[in-house]
Amino acid sequence: MELLFLISKVDFTLPLKNPVVIFSLVLFIILFAPILLQKIKIPHIIGLIIAGVIVGPYGFNLLSRDSSIVLFGTVGLLYIMFLAGLEIDITEFKKNRKQIAVFGIATFLLPLSIGCLASYYVLGYSFLSSLLLASMFSTHTLVSYPIASRYGIVRNRAVALTVGGTMITDILALLILAGIAGAAKGEAGTSFWVQLSVSCLAFVATVFFVLPPIIRWFFKNFHDSVSQYIFVLAIVFLSSFLAEVAGLEAIIGAFFSGLVLNTFVPHSSPLMNRIDFVGNALFIPFFLIGVGMLVDVRVLVKGTGALEVAGVIVSVALLTKYLAAYITRRTFKLSKEEGNIIFGLSASHAAATLAIILVGYNIIVGESENGEPIRLLDEDVLNGTILLILVSCAVSSVVVEKAARKMAVNEETSSNGKEESNEKILLSLAHPESVTQLVDLAVMLKPKRSEVPIYALHVVSDALGDENVQVAGRKMLDAVTKYAAATENKIIPLTRFDSNISNGIVYTIKGHDITDVLISIQKTTEQQNFFGVVAQETLQRTFESIFIYRAVQPLNTLKRIIVAVTPSAEDELGFEHWLHRLSMLSKEAALPVTFYSTQKTSFAIRAYLKGRAVEADFKTFDRWEDFLIFSRELKRDDLFFIVTSRKNNVSHNEVLEKLPYYLLNYFSDYSFILLYPKQIGHEIDLEGITTNDYKIIEALSERLGSVNKAGSLFKRLFRK
């Protein structure tokens, strides 16, 4: 009885007004709509839109499209555009800028011209009304972008073409909207266009030249994950607001903010994972439900006039977008799936489309004999547009889902032969303050689709170790595991007791078939301790790739990579291996690379990088005696990547022995990576030693370690 009494106190009148009940209902829709419709092979985006139709004011009227739905929906739309700019491959974007321009113009002019003719001659609207309605056909909203993101194809050239074309066509369509609105109100004079041009230039200058230094300063000085996420959101909405102030749409500001933040938010980072999670779990579903709540299915029974207009609008919108995608595909010889992705992503109409139609609907150009207002775009167009939103989003989702699935399978199949699946990275943990920096570097060096885990090692020396060292090691391993989990990467923590630390590292490398070792070093003022004893002994006893890393600032705040390559590096065993790692780092961090090498080495590097999405520049450098020339070339936001060599190898020279002195005295304020590539050892006959031999040596090392541990115990007893 008490429960019934309490329930009776809750207001269940429709539409619902209790904020707790409203939010609970929306969350259950977000949870169950995709699950239920997935069973009948309907994309989850359509599920959310249909759910919005059912619970909206034109369905069962459970929810009204009030300010809260509008607020979250607006955030979701801006989030989609922000993710489109954030996840795009900048190198691919720059490389395909001509193709992007061609597609952007095609997907704007074809719908505009055909739509204008259809509106004028078929529907009988005036020229001004026909032009405004046709501009609506030109626009599109990336409603299906989350599907492409889910399948991991957002860095494909077809997606880059569509995203870039979206910005071109939306900007041009919104400029037409501004001009027509001004003409209808008698304001579209010369001063109007001058003011709009100046404000747009000021907006672009602010976003691309004022914001980046502020963003870089923030990421250098604040490393708290929550603060970084809030800061990113603040930049997104500030850019959106500035776009509106300039007379543009907020979605353009959101997209531009994504482009600006692209280099500051690595694609394999905890921050990127949080951005994706929050957007796809909450904001974007709210937007899709809000789109569904706009759809009035009663349009179908309101008479033949509405159906005729709706039929023309839907047919012209889909046909012209398909033609633009088909022309682009044939012109640039794209695959069938890439052509379908372009059509699918550009077919959906929502935000900008609705904005244009509502502006036209609210412009009154006169009155009828009955005193009724004559609108630039009438109610039939408004209802037809609402129906277009539902149909185009459905078509878009189905096409993108099917094409993205095929592309993901094809990329997976083709990448299996290209990526070195046996590559294993080992992090040598020694300094708690460098733990996250090592993980960031390892994640960027690792092939994105590789399932091979990263290993993290902490070695406790039997001679020097005590309980405090073990506790510190456990804390570092816990921190590494937790931080890597936020990037959705698996790390295997290893703790090893050995007679000395370098022993532990060397035998772990052999025992786990490690191909790359990452060692961090700290800033020192003593040349003889520059590398540290552990790094020096490890270099002498193993010949796998070793990255010695010192981070002065986070990787995501750097601007470029300067690579100094020793002469004859192309003749070393690990040449292609370290180039593979470097290209991964450049791509993931969105950093251009400048190589300094001999002409022969430069030719070999160019041959390897051909066809890879790496923005590279080459400069001739063959006199390592002039190594200090890099002190003039480097800037504070550069990563200095030095490809060096162990002794007695073909790419080794005497100047390399002076590197600690140079780095200590002339490059102490720069982040750098000293790379010792995989080489053939001369001190040990690697060919004659098998894996079983290493295991025997390892077992002997452990026993010697036990003897050392016993000796240390006796020493402590006698001291007491």
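Me: Which residues of α18 are buried?

Reply: This is a predicted model, in which local features need pLDDT of at least 70 and side-chain atom pairs count only at pLDDT 80 or more, while totals for chains, interfaces and linings use all residues. Residues are numbered from 1 along each chain as its sequence is written, and side-chain values use heavy atoms, with hydrogens and water left out. Helix α18 covers residues 435-445, and eight of its 11 residues are buried, so it is largely enclosed by the rest of the structure; buried means under 20% relative accessible area, exposed over 50% and partly exposed in between, with a 1.4 Å probe and protein chains only. The buried residues are Val435, Leu438, Val439, Leu441, Ala442, Val443, Met444 and Leu445.

Me: What percentage of the residues in the protein is buried?

Reply: The protein has 26 helices and 12 strands; these are DSSP runs numbered from the N terminus, helices being H or I with at least four residues and strands E with at least two. Its accessible surface comes to about 32800 Å², of which 60% belongs to carbon and sulfur atoms; such areas come from the Shrake-Rupley method with a 1.4 Å probe, and for residues only the protein chains shown count as cover. Of the 720 residues, the buried share is 53%.

Me: Is α4 oblique or parallel to α13?

Reply: Helix α4 (residues 67-87) and helix α13 (residues 270-294) pack with their axes 7 Å apart, at an angle of about 130°. Axes are lines fitted to C-alpha atoms, for helices over the stretch in contact, and angles run from 0 to 180 degrees between N-to-C directions. Angles under 35 degrees count as roughly parallel, over 145 as roughly antiparallel, 65 to 115 as roughly perpendicular and the rest as oblique. The angle therefore makes α4, relative to α13, oblique.

Me: How many residues of the contact of α4 with α13 are nonpolar?

Reply: Contact means heavy atoms within 4.5 Å. On the α4 side the contact includes Ile69, Phe72 and Gly73, and on the α13 side Met272, Ile275 and Asp276 are among the residues involved. Ala, Val, Leu, Ile, Met, Phe, Trp, Tyr, Cys and Pro count as nonpolar, Asp, Glu, Lys and Arg as charged, and the others, Gly among them, as polar. In this contact two residues are charged, four are polar, and the nonpolar ones number 17.

Me: How are α4 and α11 oriented to each other?

Reply: Helix α11 spans residues 225-245, and its axis lies 11 Å from that of α4, at an angle of about 100°. The two helices are therefore, to each other, roughly perpendicular.

Me: Which residues are in contact with Ile501, leaving aside its neighbours within four places in sequence?

Reply: Ile501 lies in helix α20 (residues 501-511), and at 31% relative accessibility it counts as partly exposed. The C-alpha atoms of Ile501 and Ala430, 71 residues apart along the chain, are separated by 9.8 Å. Beyond those sequence neighbours, the residues in contact with Ile501 are Val459, Ser461 and Val534.

Me: Is Asn648 buried or exposed?

Reply: Asn648 is found in the loop between β11 (638-643) and α25 (659-666). Its phi is near 70°, a positive value in a residue other than glycine. With a relative accessible area of 55%, Asn648 is exposed.
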